[in-house]
Amino acid sequence: FFFNPYEGIAEAQESRGLGDVYKRQDLMHVRLSDESVCIGAPSPTDSYLNIPSIISAMEVTDSDAVHPGYGFLSENADFAEQVKNSGFSFIGPTAETIRMMGDKISAIEVMREAGVPTVPGSNGPLDENDARALELAREIGFPIIIKAAAGGGGRGMRVVYNETELLNSIKVSSTEAQSFFGSGIVYLEKFLENPRHVEIQVIGDGEGDAIHLGDRDCSLQRRHQKVLEEAPAPDIPDALRNEVAATCIQACKNMKYRGAGTLEFLYQDERFYFIEMNTRVQVEHPVTEMITGIDIIKEQIHIAFTGDTALIQDEIKPRGHALECRINAEDPSKNFQPSPGIISVCHQPSGFRTRVDGSIFQGYKITPYYDSMVCKLICHGRNRNEAIQRMLRSLDEFVIEGITTTIDLHKKLLTHKKFVESDFNVSWLDNEKII
Ligand code: MV4
């Protein structure tokens with residue numbers, strides 16, 4: 001071997017300690033790269049969210065394209081636009097598509113036109129007309145939920161249970177939305193009280209062809225942070241799954257969707273209700289890769305460079321069941337507060353149908369600057385039960401010392417009767433103190 005990617009890491013960590021400046025050489029992906037460029041200070045606004053800084057890095061390295069990943073600028077239409085205008089390729093949809101889906105009201109409209117089932121609601125922004133808002137809420141039936149058009153992911157929402165609080169709640173929500181998102185536009189939906197979160201993975205070639213890769217259940221989340229995801233979503237009649245997926249494909253064809261995307265649904269009483277579309281690849285995409293055998297990242301890059309996809313719907317045959325546990329550097333006994341520090345011992349599981357996606361190694365230093373997710377453990381099985389057993393075996397093999405992680409919490413979750421029986425909804429982890 002010409003080089004040892006670990007060389008000098010332990011010594012460097014030890015001599016600098018935790019309080020010191022983080023060195024980019026401390027990151028394995030930087031060590032493995034042919035070239036690297038510093039994009040700014042650790043604070044995201046100075047670096048990963050700084051558009052000129054990213055575009056400068058593309059210029060000095062003579063890059064062809066940028067993969068926006070997830071988080072940061074991955075759903076920022078201005079970034080996609082500036083990348084394109086600077087002569088580079090953005091691996092994702094067009095800026096127009098990102099903008100259209102970023103506005104939740106226009107996203108719902110696009111989906112309705114394609115026949116995607118949506119939540120009964122205002123189907124447009126609420127205006128100043130109080131009488132009209134009251135009439136609408138009565139028609140829909142309480143409880144209703146007020147959402148910000150520019151919101152998403154759980155931010156800027158308010159549930160209203162009766163008429164007396166409606167008008168005030170609309171005003172408060174709009175004022176909040178204005179200060180959070182720079183737009184006070186809000187809309188109404190029927191509030192579903194115990195839904196599951198089911199999402200459908202789509203891929204479009206940007207020319208009007210599109211396919212889907214089935215669904216995932218992401219109901220297990222805590223304070224809008226997903227904890228464990230699975231594919232396919234359990235206990236949904238296949239005819240219904242396929243029918244809804246067909247409407248998703250229609251929507252992607254209509255808008256000439258380019259790249260990977262996800263349509264998010266609430267699922268309750270055997271019905272799907274579209275709520276939002278994500279125009280990026282998601283953290284939980286590996287569970288879909290495991291059941292379909294398709295490398296979603298490769299397909300994203302292929303489509304960006306060729307404007308074509310070799311994927312054919314009839315050839316996509318999901319097999320078995322996959323689970324993903326997000327391993328966070330957090331302390332569940334201290335209200336999930338981040339647990340930064342140096343990983344002193346690291347042993348990652350491996351074996352048949354076991355996959356670890358992540359960035360950690362012995363000597364890795366977790367900084368307080370970013371999200372606390374440090375890796376993901378993904379297991380596939382011939383069926384859901386086999387996937388659960390394999391995940392439990394893999395979690396037992398996983399050793400991370402020096403920091404506190406959510407590994408033990410996953411063991412409790414995977415053996416809980418309600419999880420084993422898929423008897424949960426989006427509120428379960430927030431309401432029950434099971435983890
Ligand atoms: C809802 C809902 C119930 N009814 N909309 C929260 C995140 C954002 N993507 C949409 N969210 C919700 N929208 C209606 N009409 C319940 C939620 C919700 C939720 C959705 C998905 C995953 C976790 C959630 C946790 C709490 C509330």
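Is Glu386 buried or exposed? Glu386 is buried, because its relative accessible area of 18% falls under the 20% limit. The model is predicted. This briefing covers salt bridges, nonpolar cores and one serine.

**Salt bridges**
- The salt-bridge count comes to 29.
- Glu386 pairs with Arg390, with 3.3 Å between the closest N and O atoms.
- Both residues sit in helix H12, four residues apart, or about one turn of the helix.
- Arg390 is buried too, at a relative accessible area of 14%.
- One network of salt bridges with shared partners joins Glu199, Arg216, Lys226, Glu229, Glu284 and Arg326.
- Arg138 and Glu163 form a salt bridge, their closest N and O atoms 2.7 Å apart.
- Arg138 is in helix H7 and Glu163 in helix H8, so this pair ties together parts 25 residues apart in sequence.
- Glu163 is partly exposed, at 34% relative accessibility.
- Glu189 and Lys147 meet in a salt bridge of 2.9 Å, N to O.
- Glu189 belongs to strand S5 and Lys147 to strand S3, so the link ties together parts 42 residues apart in sequence.
- Both Glu189 and Lys147 are buried.

**Nonpolar cores**
- The largest nonpolar core has 39 residues; Leu228, Ile360 and Leu414 touch the most other members.
- Helix H12 gives this core its largest share, five residues.
- Leu414 touches residues including Leu228, Ile388, Met391 and Phe419.
- Another core, of 31 residues, lies apart from it, with Val202 and Ile249 among its members.

**Ser219**
- Ser219 lies in strand S7 and is buried, at 1% relative accessible area.
- Its side chain makes a 2.7 Å polar contact with that of Asp217.

How values were computed:
Residues numbered from 1 in each chain as written. Predicted model: local features only at pLDDT ≥ 70, side-chain atom pairs only at ≥ 80, totals over all residues. Heavy atoms only, no water. Helix = DSSP H or I, 4+ residues; strand = E, 2+ residues; numbered from the N terminus. Buried < 20%, exposed > 50% of the residue type's maximum accessible area, 1.4 Å probe, protein only. Polar contact = N/O pair within 3.5 Å; in protein donor to acceptor, adjacent residues only side chain to side chain. Core = buried A, V, L, I, M, F, W, Y, C linked by side-chain atoms within 4.5 Å. Contact = heavy atoms within 4.5 Å. Salt bridge = Lys/Arg side-chain N within 4 Å of Asp/Glu carboxyl O. Lists of a residue's contacts leave out its neighbours within four places in sequence.
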